[in-house]
Amino acid sequence: MTDRELLLEAIRATEKAYAPYSRFRVGAALLARSGTVYTGANIENASYGATVCAERTALWQAVLCGEKEFDTLAVAAVQADGTPIAAPPCGICRQTLSEFSDGSLRIIIGTPDGLRTFTLRDLLPEAFGL
Ligand code: THU
């Protein structure tokens with residue numbers, strides 16, 4: 001699976017978002033080392049703090065299927081007016097991802113027009129761990 005194909009999966013996943021409050025739809029596609037792709041989307045709540053980001057819904061789907069090792073995460077977002085926008089993972093998602101990565105997880109952020117590639121270590125240096 002190419003980075004662009006994984007990003008297209010993330011873009012498709014934005015359609016699954018439940019985002020009636022922000023109308024900011026986020027999709028994530030997480031490629032496990034097994035080769036399986038798990039997708040996620042943001043799920044908002046009237047109690048705003050109970051909202052869960054797309055990256056974490058994808059990660060939880062994967063972990064619940066027994067996956068612990070991941071190769072690449074792609075993230076895509078669409079603004080309220082329908083415009084695609086590159087959206088890097090928030091701090092909580094970076095920390096959550098670091099539970100399952102030594103920092104080498106590749107993270108792709110993009111729109112249909114292009115993508116950028118990082119590692120989790122780039123986005124979360126000196127990650128906290130126990
Ligand atoms: N959101 C994500 O899904 N991922 C992030 O990394 C940042 C923010 C969602 C949460 C909320 O539903 C909406 O984007 C606006 O913050």
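The side chains of Asp 71 and Thr 72 are joined by a polar contact of 2.7 Å. A polar contact is a pair of N or O atoms within 3.5 Å; within protein, one must be able to donate a hydrogen and the other to accept it, and residues adjacent in sequence count only if both atoms are side-chain atoms. The model is predicted: local features need pLDDT of at least 70, side-chain atom pairs count only at pLDDT 80 or more, and totals for chains, interfaces and linings use all residues. Numbering runs from 1 along each chain as its sequence is written, and side-chain values use heavy atoms, with hydrogens and water left out.

Asp 71 sits in strand β3. Helices (H or I, at least four residues) and strands (E, at least two) are DSSP runs, numbered from the N terminus. Asp 71 is partly exposed, at 30% relative accessible area. Buried means under 20%, exposed over 50%, and partly exposed in between (1.4 Å probe, protein chains only). Beyond residues up to four places away in sequence, Asp 71 touches Leu 31, Ala 32, Arg 33, Leu 105 and Arg 106. Contact here means heavy atoms within 4.5 Å. Ser 101 is 30 residues from Asp 71 in sequence, and their C-alpha atoms are 9.1 Å apart.

**Ligand site**

Which residues are around the ligand? They are Ser 22, Phe 24, Val 26, Asn 42, Glu 44, Thr 51, Cys 53, Ala 54, Glu 55, Pro 88, Pro 89 and Cys 90. Each has a heavy atom within 4 Å of the ligand. By class, seven are nonpolar, three polar and two charged. Ala, Val, Leu, Ile, Met, Phe, Trp, Tyr, Cys and Pro count as nonpolar, Asp, Glu, Lys and Arg as charged, and the others, Gly among them, as polar.

| Residue | Protein atom | Distance to a ligand oxygen |
|---|---|---|
| Asn 42 | polar side-chain atom | 2.9 Å |
| Ala 54 | backbone N or O atom | 2.9 Å |
| Cys 90 | polar backbone atom | 2.8 Å |

Taken alone, the ligand exposes 370 Å², and the protein buries 76% of that. Accessible areas come from the Shrake-Rupley method with a 1.4 Å probe; for residues, only the protein chains shown count as cover.

**Helices**

Helix α1 spans residues 3–13, and its buried residues are Leu 6, Leu 7, Ala 10 and Ala 13. Seen down the axis of α1, they fall within an arc of 110°, so they line one face of the helix. The arc is that of the directions from the helix axis to the C-beta atoms. An α-helix has 3.6 residues a turn, so residues three or four places apart point the same way. The cover over the buried residues of α1 includes β1 (25–32), β2 (37–41), β3 (70–78), β5 (106–111) and β6 (114–119).

Helix α3 covers residues 91–98, with Cys 93, Arg 94, Thr 96, Leu 97 and Ser 98 buried. Their cover includes α2 (54–64), β3, β5 and α4 (120–123).

**Loop and tail**

Thr 14 lies in the loop between α1 and β1. Is Thr 14 buried or exposed? At 5% relative accessibility, Thr 14 counts as buried. Leaving aside neighbours within four places in sequence, Thr 14 contacts Arg 25, Val 26, Gly 27, Ala 76, Ala 77 and Val 78.

Lys 16 is in the loop between α1 and β1. Lys 16 is exposed, at 68%. With neighbours within four places in sequence left aside, Lys 16 contacts Arg 25 and Ala 41.

Arg 23 also lies in the loop between α1 and β1. Arg 23 has a positive phi of about 55° although it is not a glycine. Glu 126, not a glycine, has a positive phi of about 55°. Glu 126 is in the segment after α4 and is exposed, at 81% relative accessible area.
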